[in-house]
Amino acid sequence: MSDGTSINGGIDVALAQAWETIRAGLRRSIGVRTFDGWLKPLTLGDCDLGAGTLKLIAPSEFMANWATTHFVDHLLQGWRALLPQIRHVAIVAASGTERPAMFSPAAEPARAEAAPVEAVAPVADVEPRCGTPLEARYTFDSFVVGKANEVAYNAARTLAEGGKLVFNPLFLHGGTGLGKTHLMHAIGHEYLANHPGARVVYMSAEKFMFEFVSAMRAKDTFSFKQKLRAADVLMIDDVQFIAGKESTQEEFFHTMNELISAGRRLVISADRSPQDLDGIESRILSRLSWGLVADVNPADFELRLNILMRKLQGMPQAQVPQDVVMFLARRISANVRELEGALNRVVAYAALSGKPVDIDFTQATLADILRANQRRVTIDEIQRKVSDHYRIRQAEMSSARRAREVARPRQVAMYLAKQLTPRSLPEIGRRFGGRDHTTVIHAVKQIEKLRQTDAELDADVRLLIRQLEG
């Protein structure tokens, strides 16, 4: 490989795994719509590790030029984070010649600022139909089921089988990287397998908003509405992103009503339950709650272990000892996506360096990820855990109620947010219903004082800290 040969064998697998990790990261960082339009079509080309160069193939000269101008630095950063040997990335048209300038830190070409989302022109051969194409790898067979996600999984399978509608819509909620998107794509694949002529539409809420606004500007909202309302299954991902968008919410509400009234299937996902969504109209929240609301919780140790074992089954050339698998399952608990990305990184580094995988190698390779996982507790997790412990609704954390059964848990949550997160006092206050930072200070001092005299509250706080820190 170092003498300039093209990717093959174990190196081929390592590069492909690294590429999947980089794609997932870019999809999050630049937005789903932009990623699907410009970077998703790119495929791996020749790689020369000796020269430190990698080529990516675009389906057209126009796309190669645009991606080079706007995204090649992002791509190079992603590759260098996983494979430091790669120092140059070139984007080449499938039937043309590569763009002359190749980006590297030493010689960065002049680039215009990336166009805002609304200004990116659609490419005809990238999205030939409404919605985003389903990911082939996201099926029910590739989804690992555990206690944290079994309700959502069973609900998704029931809806996808296509029998009598028992609930509609299906609302999936949970944190980033826990499997909501996987289940939505799996629903689409399963429904199409059972109903080959059906129309299944999957799109992010961001894409829904962009296409609706574009249709309004073009004075052709009729076509937009017809495409969505003709769907047998419509799936909208990350609906929290339409918060505060009045015209988009109006259209979204009428689309929901039309589909539900017609007996079509509707699947919605968000990062929190309907009751905890801010900036979404109450009538939409009411509609979302009519069906089945299923949460996808963070994976426990057993599920994380099973996910890694399933992943390794598809990597027959990877030699990863059991103690390393156990180590990864214990130490990386934030989300499934990061867990799989960590395994990809370890396998890729081992293949490219020729070193065996052991605990020391894994710790050195994942030093940054392991550090980030040591104390990465979020305010949302704290609010959810405290609400569950005291058996109150999470929405009470932001409410104006001052009753003791609500106020004390809220103070405990503020105290834990100050102790377990790096967030500032004003930011913590904003996450608790826009309260002033002085309210947070009072809550922290109050809980500190009570822990000295109230053994039961002190035990509650200790238990919550243990649970939150894993």
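**How confident is the prediction?**

Let us start with confidence. The chain has a mean pLDDT of 83, and 89% of its residues reach 70 or more. Two stretches call for caution. Over residues 1-8 pLDDT stays under 50, and the model has 18 contacts beyond four places in sequence for them. Over residues 96-129 pLDDT also stays under 50, and here the model has 66 contacts beyond four places in sequence.

**The three-stranded sheet**

There is also an open sheet of three strands, in the order S1-S2-S3, with mixed pairing. Strand S1 (43-48) and strand S3 (88-93) have a single partner strand each, so one side of each is left without a neighbour in the sheet. Neighbouring strands here are turned by 25° against each other on average, direction ignored.

Strand S2 (residues 53-58) pairs with S3 in the parallel sense over six bridges. Within this pairing, Thr53 stands opposite His88 in S3. Helix H3 (residues 61-82) packs on the sheet and touches S1, S2 and S3, with a direction at about 160° to that of S3.

**Helices packed on helices**

| Helix pair | Angle | Axis distance |
|---|---|---|
| H10 (residues 301-313) and H11 (residues 322-331) | about 130° | 9 Å apart |
| H10 and H12 (residues 336-353) | about 45° | 10 Å apart |
| H15 (residues 379-390) and H19 (residues 455-468) | roughly 135° | within 11 Å |

Take H10 and H11 to begin with. They pack at an angle of about 130°, and are therefore oblique to each other. Their crossing is right-handed. On the H10 side, the contact is made by Phe301, Arg304, Leu305, Leu308, Met309 and Leu312, and on the H11 side by Gln322, Val325, Met326, Leu328, Ala329 and Arg330. Sorted by class, the residues of this contact are nine nonpolar, one polar and two charged.

H10 also packs with H12, at about 45°. That angle makes H10 oblique to H12, and the crossing of H10 and H12 is right-handed. H10 brings Arg304, Ile307, Leu308, Lys311 and Leu312 to this contact, while H12 brings Val336, Leu339, Glu340, Leu343 and Asn344. The residues of the contact of H10 with H12 divide into six nonpolar, one polar and three charged.

What about H15 and H19? Their axes cross at roughly 135°, which makes H15 oblique to H19. The crossing of H15 and H19 is right-handed. From H15, the contact uses Glu381, Ile382, Lys385, Val386, His389 and Tyr390; from H19, it uses Asp460, Leu463, Leu464, Gln467 and Leu468. Which classes of residue make up this contact? There are six nonpolar, two polar and three charged residues in the contact of H15 with H19.

**Two backbone spots to look up**

Most residues other than glycine have a negative phi, and most peptide bonds are trans. Two places in this model depart from that pattern. Asn168 and Pro169 are joined by a cis peptide bond, with omega of about 5°. You can find Pro169 in the loop between helix H4 (150-161) and strand S4 (170-173).

The other place is Lys219, a residue other than glycine with a positive phi, near 55°. Lys219 sits in the loop between H6 and helix H7 (221-229).

Terms used: Residues numbered from 1 in each chain as written. Predicted model: local features only at pLDDT ≥ 70, side-chain atom pairs only at ≥ 80, totals over all residues. Heavy atoms only, no water. Axes fitted to C-alpha atoms, helices over the stretch in contact; angles between N-to-C directions. Helix = DSSP H or I, 4+ residues; strand = E, 2+ residues; numbered from the N terminus. Parallel < 35°, antiparallel > 145°, perpendicular 65-115°, else oblique. Left-handed = near helix turned anticlockwise from the far one by under 90°. Contact = heavy atoms within 4.5 Å. Nonpolar A, V, L, I, M, F, W, Y, C, P; charged D, E, K, R; others polar. pLDDT = per-residue confidence, 0-100. Pairing = 2+ DSSP bridges.
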